[in-house]
Amino acid sequence: MPKKETITSLQQAKGQRKLTMITAYDALFASLFAESADMILVGDSLNMSFKGAPDTLSVTLDQMIYHTQAVCNGAPDTFVICDMPFGSINTKEEALANAVKVFQETNADAIKIEGGCNRAELIKHLTDNAIAVMGHIGLLPQSVRSEGGYKVKGRDEESFEQVLEDAKAVEEAGAFALVIEGVTPNLGAMVTEVVNIPVIGIGAGNATDGQVLVWSDMLGFFEAFKPKFVKRYLEGAKLVKEAVKNYAQEVQNGAFPAEEHTYK
Ligand code: KIV
């Protein structure tokens, strides 16, 4: 089991080694991912892949706390980040109260906040009060309804410049690292160059300081669609369906339970 990362070791990794982050929502998978991942993100994407909702917006803070507790139980020696859900950080006072709640009720090492310049003051308020914050810029899933879809950033000059400004503002506010999602690879590379904190990409090209993927995407459990940036390292859905089919057949034909599965 590798040594648990700290903010210092994560920041020292910049330019030295690439960082791997993966989402997890429960203790079992978290314990499996802990063997290889530097960080585990309890992402609000769980609202889609775990609960089956159409977007991330309806997950509550208490639900995020429940899943973060589970992940921390499964991966006590891994750096864990809890996503602050939509509606939980509307003001800096509310953000601090809710971040303190996450820190008091879970063993999370940090929280993650979507937004750039518009969140800089709020992030500063949190970091001034001993909350470790990971930023999240670029494509912001919590803005899917207000922006009318998932919009890749950096294809036009305005969004390119905005994301660069967002990165600088989030770093300046004291975030220890940031996620950059859904941007052109040249913007991913530029952001990685202009800030001194680790930049973890998802759909942001190969030049970032690390990568994050949603576990159910990269293990092939989520079949409905495959975003362009996802690589499936396992055909999980196919394997599970095959295994359960075999189980059902063996129950039906009496092959299971066999002698070795039966108490004497
Ligand atoms: O919720 C999530 O899983 C995320 C990742 C996509 C970075 O925020």
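Select strand S4 (residues 110-114) together with strand S5 (residues 133-138): the two pair in the parallel sense over 4 bridges. Two strands count as paired if DSSP finds at least two bridges between them. Helices (H or I, at least four residues) and strands (E, at least two) are DSSP runs, numbered from the N terminus. The model is predicted: local features need pLDDT of at least 70, and side-chain atom pairs count only at pLDDT 80 or more, while totals for chains, interfaces and linings use all residues. Residues are numbered from 1 along each chain as its sequence is written, and side-chain values use heavy atoms, with hydrogens and water left out.

Contact means heavy atoms within 4.5 Å.

Now display the whole sheet. Its 8 strands close into a barrel in the order S1-S2-S3-S4-S5-S6-S7-S8, with parallel pairing. On average, neighbouring strands are turned by 25° against each other, direction ignored.

Move to the loop between helix H6 (120-128) and S5, where Ala130 lies. Phi of Ala130 is near 70°, a positive value in a residue other than glycine. Most residues other than glycine have a negative phi, and most peptide bonds are trans. For a peptide bond that is cis, select Phe256 and Pro257: the bond from the former to the latter has omega near -5°. Pro257 is found in the segment after helix H11 (236-253).

Colour the chain by domain next: domain 1 (7-233) and domain 2 (235-264), with bounds from an automatic or database domain assignment. Their centres, taken over C-alpha atoms, are separated by 38 Å. The contact takes 5 residues from domain 1 and 5 residues from domain 2.

The two domains bury about 430 Å² between them, 49% of it on carbon and sulfur atoms. Buried area is the accessible area (1.4 Å probe) that two parts lose on being put together, summed over both. On the domain 1 side, select Phe221, Glu223 and Arg232, which lose the most area to domain 2, together 70% of what that side buries.

Across this interface the rule finds 2 salt bridges, each a side-chain nitrogen of Lys or Arg within 4 Å of a carboxyl oxygen of Asp or Glu. Select Glu223 with Lys241 to see their side chains meet in a salt bridge (2.9 Å, N to O).

The structure holds 16 salt bridges. One of them joins Asp62 and Lys101, whose closest N and O atoms are 3.3 Å apart. Because Asp62 lies in helix H4 (residues 61-74) and Lys101 in helix H5 (residues 92-105), the pair ties together parts that are 39 residues apart in sequence.

Definitions and conventions:
Axes are lines fitted to C-alpha atoms, for helices over the stretch in contact, and angles run from 0 to 180 degrees between N-to-C directions.
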